[in-house]
Amino acid sequence: MSTVIYDSEHADESREFSLLLAITTILSSSFNLKETLTHIFDVLHHNVSLIKGTLSLYDAYSYDLKIEVSYGFSDEEIKSGLLEKWLVVSNKTLDTEQATIIPHVEEEVSIIGEHDPELLNDESFICIPIIIGDSKIGAISLDFQYKNDKNLFQNIKFFSIISLMIGQEIKLMQLLEKEKESLRKENIKLKVDLKEKYNIHNMIGRSAPMIDIYEHIMQVAHSNATVLLSGESGTGKELVAHAIHYNSNRAEQPFIKINCGAIPENLLESEFFGYEKGAFTDAQETKMGLIEAANGGTVFLDEIGELPILMQVKILRVLQDREFTRVGGIESFKADIRVVAATNKNLEEEISQKRFRKDLFYRLNVFPIILPPLRDRAMDVLLLAEHFLEKFSKENSKEINDISQSALKLLNDYDWPGNVRELENCMERATILCQRDTILPIHLPNHFQKNNERLMIPEGDDSIDSFTLLVENFEKEIISNALDSTHGNCSKAARTLGTTHRILSYRMRKLGLSKTDFRSSDK
Ligand SMILES: Nc1ncnc2c1ncn2[C@@H]1O[C@H](COP(=O)(O)OP(=O)(O)OP(=O)(O)O)[C@@H](O)[C@H]1O
Ligand SMILES: [Mg+2]
């Protein structure tokens with residue numbers, strides 16, 4: 001609590017003004033109501049002989065007036081119920097919406113309807129309602145040493161200004177509290193959403209290798225074991241890291257991803273461990289590092305294979321001793337973290353090339369999970385394609401609900417070097433390009449067509465026949481696409497291709513195409 005110095009030299013001339021200044025300073029220094037009011041009462045005690053004070057506010061739920069802050073009451077006085085009497089006066093004051101002023105309590109018969117020896121002292125009493133606009137917020141009651149100080153105690157305006165200032169501050173605090181509460185609720189909802197998003201039941205893929213992955217996630221999630229995820233780019237390592245966290249006991253705590261390959265080498269240590277004030281020129285304040293921020297939760301060390309050797313030693317210490325030291329500091333901090341690391345590099349190969357420390361590898365490789373490439377789980381391709389189609393249709397406000405047979409064949413035949421991410425991108429692009437309700441081969445990237453066996457020159461056959469076959473296959477592809485997009489409607493397909501119905505029918509007969517083959521996608 002900072003000390004506000006009241007300038008007593010000018011007290012006689014501008015005591016009220018100086019007090020107002022002091023109170024404004026206190027009000028702007030904290031959002032803690034009890035702390036602020038106690039500080040204000042303290043200033044009034046030192047400067048205008050305040051003996052006791054209370055702030056009573058209406059309870060947000062019951063609308064009953066309750067004493068929120070009291071000052072100068074002894075434990076015995078509180079036990080004897082003196083605060084209740086003050087509350088009665090505050091209630092009365094709020095009922096009348098007028099300040100209660102008793103310049104000299106001793107001279108007053110009673111302020112609560114009967115003689116009360118505890119209140120009949122050599123004191124002055126004031127109770128001011130706090131009313132902002134139309135809303136009654138509460139009341140401030142003040143009990144001063146009687147001084148026959150007409151200037152101050154007759155100046156009810158002065159105390160009304162103070163109560164108004166306090167009232168504004170309380171309103172602001174209540175608004176902030178409301179905001180905080182709604183943020184807290186939103187935070188809980190987002191956490192529930194995240195937990196749901198990373199529920200393994202929402203992961204796509206029913207192939208045997210994926211079923212194994214789900215089992216591994218469930219086996220390891222609840223332990224504290226370090227997990228090493230490996231697999232080609234785009235196979236779902238980050239998704240699995242999230243799934244481990246959100247299915248663990250640490251789900252309510254932070255999940256902090258550190259991309260080891262993206263942080264400049266000279267910043268790595270301070271990003272990981274934070275730094276002490278003065279550790280280097282720019283370190284004007286002590287700063288928490290990512291390991292500290294993850295305390296109680298999970299640290300996801302992505303692209304761990306990119307970590308420079310020097311930094312590998314420092315991470316090893318965290319894994320071994322669960323301890324770290326901030327840059328420029330000497331104190332060791334405990335790190336209650338669960339570590340999940342990921343790499344698309346072959347770490348054993350990196351070890352043999354002396355780019356990765358063997359001891360770190362063994363510390364990480366406690367529970368290895370290897371994500372299979374998409375080409376090894378062909379049956380998941382269509383499930384994933386449909387999943388992404390639904391996702392991107394929704395995102396782009398489109399109603400695309402089908403993938404044509406020929407497009408499905410292209411997706412199936414492709415070997416997906418970029419794995420699930422490539423499939424995801426491919427379906428997003430297709431959804432954007434597609435203007436109807438079905439994804440067609442023309443909506444897939446050009447290099448997919450190259451994979452299409454119908455456009456491949458048969459191996460070891462360089463005769464003119466194979467050229468004719470190639471052209472025929474190409475023509476068949478174009479006409480199939482047009483029929484696909486018109487659901488077998490030959491007139492429309494002919495118009496799309498810029499030809500006549502008669503020519504199209506002739507070519508279809510020659511190529512063995514039937515319009516009924518394209519009606520399956522008709523919705
Ligand atoms: N089984 C799955 N079900 C649904 N979406 C998936 C699945 N696997 C991966 N994805 C999605 O594919 C994209 C790539 O996955 P992720 O980022 O987890 O891969 P990664 O292995 O970390 O890739 P990289 O090595 O390139 O960092 C993400 O958008 C992810 O949501
Ligand atoms: Mg990744």
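Reader: Which helices each supply at least two residues of the shell around ligand 1?

Author: In this predicted model, the helices to look for are α8, which spans 237-246, and α16, which spans 419-433, since each supplies at least two residues of that shell. The shell holds 15 residues in total, and the closest to ligand 1 are Ile 204, Ser 233, Gly 236, Lys 237 and Glu 238.

Reader: How many residues of each class does the shell around ligand 1 have?

Author: Sorting a shell by class is a careful way to begin, and here the shell around ligand 1 has four nonpolar, seven polar and four charged residues.

Reader: Is α8 largely enclosed or largely open, and why?

Author: The way to read this is to count neighbours, for a residue is called buried if 20 or more other C-beta atoms lie within 10 Å of its own. Eight of the ten residues of α8 are buried, so the helix is largely enclosed by the rest of the structure. Those buried residues are Lys 237, Val 240, Ala 241, His 242, Ala 243, Ile 244, His 245 and Tyr 246. As for the chain as a whole, 31% of its 523 residues count as buried.

Reader: Why does Glu 238 count as partly exposed?

Author: Glu 238 is placed in helix α8, but it has 16 C-beta neighbours inside 10 Å and therefore counts as partly exposed. Leaving aside residues up to four places away in sequence, Glu 238 touches Asp 302 and Ala 342. Asp 302 lies 64 residues from Glu 238 along the chain, yet their C-alpha atoms are separated by 7.8 Å.

Reader: Which residues of the largest nonpolar core touch the most other members?

Author: That core has 40 residues, and the ones that touch the most other members are Leu 229, Val 240, Ile 244 and Ala 341. Among the elements that each supply at least two residues of this core are α7 (208-221), β6 (227-230), α8 and β13 (338-343). A second, separate core has 33 residues, including Leu 37, Leu 50, Tyr 71 and Ile 130.

Reader: What does Leu 229 touch, not counting residues up to four places away in sequence?

Author: With those sequence neighbours set aside, the residues that Leu 229 touches include Lys 237, Val 240 and Ala 241, as well as Val 340, Ala 341, Ile 369 and Leu 371. For the whole chain, residues 24 or more positions apart account for 67% of the contacts with a separation of 6 or more.

Terms used: Residues numbered from 1 in each chain as written. Chains lettered and ligands numbered in written order. Predicted model: local features only at pLDDT ≥ 70, side-chain atom pairs only at ≥ 80, totals over all residues. Near = placed C-beta within 6 Å. Helix = DSSP H or I, 4+ residues; strand = E, 2+ residues; numbered from the N terminus. Nonpolar A, V, L, I, M, F, W, Y, C, P; charged D, E, K, R; others polar. Core = buried A, V, L, I, M, F, W, Y, C linked by C-beta atoms within 7 Å. Buried ≥ 20, exposed ≤ 12 C-beta atoms within 10 Å, placed from the backbone. Contact = placed C-beta atoms within 7 Å.
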